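Here are my notes on the model.

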Amino acid sequence: MVKRHLSQLALLGGSPAFPGKLHVGRPSVPVAENRERLMDRINGALDRKWLSNHGPLVREFEQEVARITGARHAIAVCNATQGLQIAAKACGLTGEVIVPAFTFIATAHALSWIGLTPIFADVTPETHSLDPNSIEALITAHTSAIVAVHLWGIPCPIESIGEIARRHHVQVIYDAAHAFGCSHRGRMIGSNGRAEVFSFHATKFINAGEGGVITTDDSDLAQRIRRMTSFGFTDVDCVSDLGTNAKMSEVTAAMGLTSIEMMEDIIRANRINYLTYEKELAGLSGIRLLSNDSRESRNYQYAVTEIDADQAGLSRDQLLEVLQAEGVLARRYFYPGCHRAEPYLSLQSNRERSLPVTERLSSSVLVLPAGAAVDPDEVSEVCEIIRFALKHADDLVLRSEESVTYAIHGS
Ligand code: T4K
């Protein structure tokens, strides 16, 4: 329903626009013939009685990921967090690793979990990915690597990062959790650095429920990674080195393969949603939609906005409150920045670290519902609410101040 009066906003007692909730990470699920394909695959696995340990569906999924990314090797894992840990261990990382502070906490946790120390660097305002200018000052004798993130599916400045890494003799691993189906200078993400790690979590562009894939062009590294995902086994009863269990199951691969078959449709639907946001938010003062380079392959999975409180009249958190009341579960990714989250915040060096872009983005980024499971009419309705809220920003701020006064002093 179009809101015409302030009192119709759910925040002020009106009915929510989305009583069933609109999620940022609503998964694309197979329907109709795609659902049948998924069930056929799962039935095949059940009939074969082969459910894990590098079964035929996992192998096929790996081949598909290698084909799409162009990487020579693709090793499936149970999720990207484990994938990052294994890639870092297989590369022999030690000591300190430079990472962007503006990323999902998994990037930092994966490193800490295996005893490495993440050193947080700042990001660029344009793309939100690791700023090469902030890397060099952080490199010490203890630095073994840079783990850069292709945030939102926008590739990092790969050449600059590679050049810095070469000069300082450190390795580079890419967290490509968001970047499946994305390209950089016409080449698909997957073969950069020592390895790249994709996520196939339920909320991702191509989902397998849970899941990840490590890609690399390095055959020795690929073999080491594969062993590590399976307890270090090289053969039956033969363990060559330390490993863990990070294998992907056949049912997961069945979902991943089916999602890959839906890839073109998902990109098309995502792009329509992105263009709808672009059109409907155009000209609104104080809200910027992060742009996608249309000359490159993009998966358009995230609709990322930045709210400038001075221009918009509402802060990011005030707008979020309006949206949440309407059932629009927009997200403050990646608030408050890894360096401001535990266990990193307890370290004096992180408390003192000044990362101005990360800090500004942490208080201004709002990720809106997108993905193929959201339809363009829903996107239009979200934009309608945003336009309405910004138009009545002064009244909204006044009312929220009044309600705080009321709560403190009573009637
Ligand atoms: N590196 C980066 C840069 C990452 O962003 C991530 C993960 C990783 C590494 C690690 O990848 P994995 O180990 O997960 O493979 C979500 C995802 O759980 C997480 O995978 C993702 N990044 C991150 C950006 O988003 P949360 O904490 O936002 O919450 P979650 O998963 O509970 O749900 C997000 C929204 O989606 C909610 O509104 C609920 C909705 N949802 C979720 C699921 C699982 C659904 O509608 N259906 C569902 O099945 O982390």
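1. The largest pocket has 25 lining residues, and nearest its centre lie F104, S199, H201, T203 and K204. A pocket here is an open set of points on a 1 Å grid over the protein atoms alone, where a 1.4 Å probe fits, with protein on both sides within 12 Å along at least five of seven lines; lining residues have an atom within 4 Å of a point. Two or more lining residues come from each of α3 (80-90) and α4 (105-113). Helices are DSSP runs of H or I, at least four residues, numbered from the N terminus. The most come from α3, with 3 residues.

2. This is a predicted model: local features need pLDDT of at least 70, side-chain atom pairs need 80 or more, and totals for chains, interfaces and linings use all residues. Residues are numbered from 1 along each chain, and side-chain values use heavy atoms, without hydrogens and water.

3. The largest pocket lies between domain 1 (32-261) and domain 2 (263-409), because both give residues to its lining. The domain bounds come from an automatic or database assignment.

4. T252 sits in helix α7 (residues 250-261). T252 is buried, at 17% relative accessible area; buried means under 20% (1.4 Å probe, protein chains only).

5. Beyond its neighbours within four places in sequence, T252 contacts A208 and E210, where contact means heavy atoms within 4.5 Å. F200 is 52 residues from T252 along the chain, and their C-alpha atoms are 9.5 Å apart.

Note on methods. Buried < 20%, exposed > 50% of the residue type's maximum accessible area, 1.4 Å probe, protein only.
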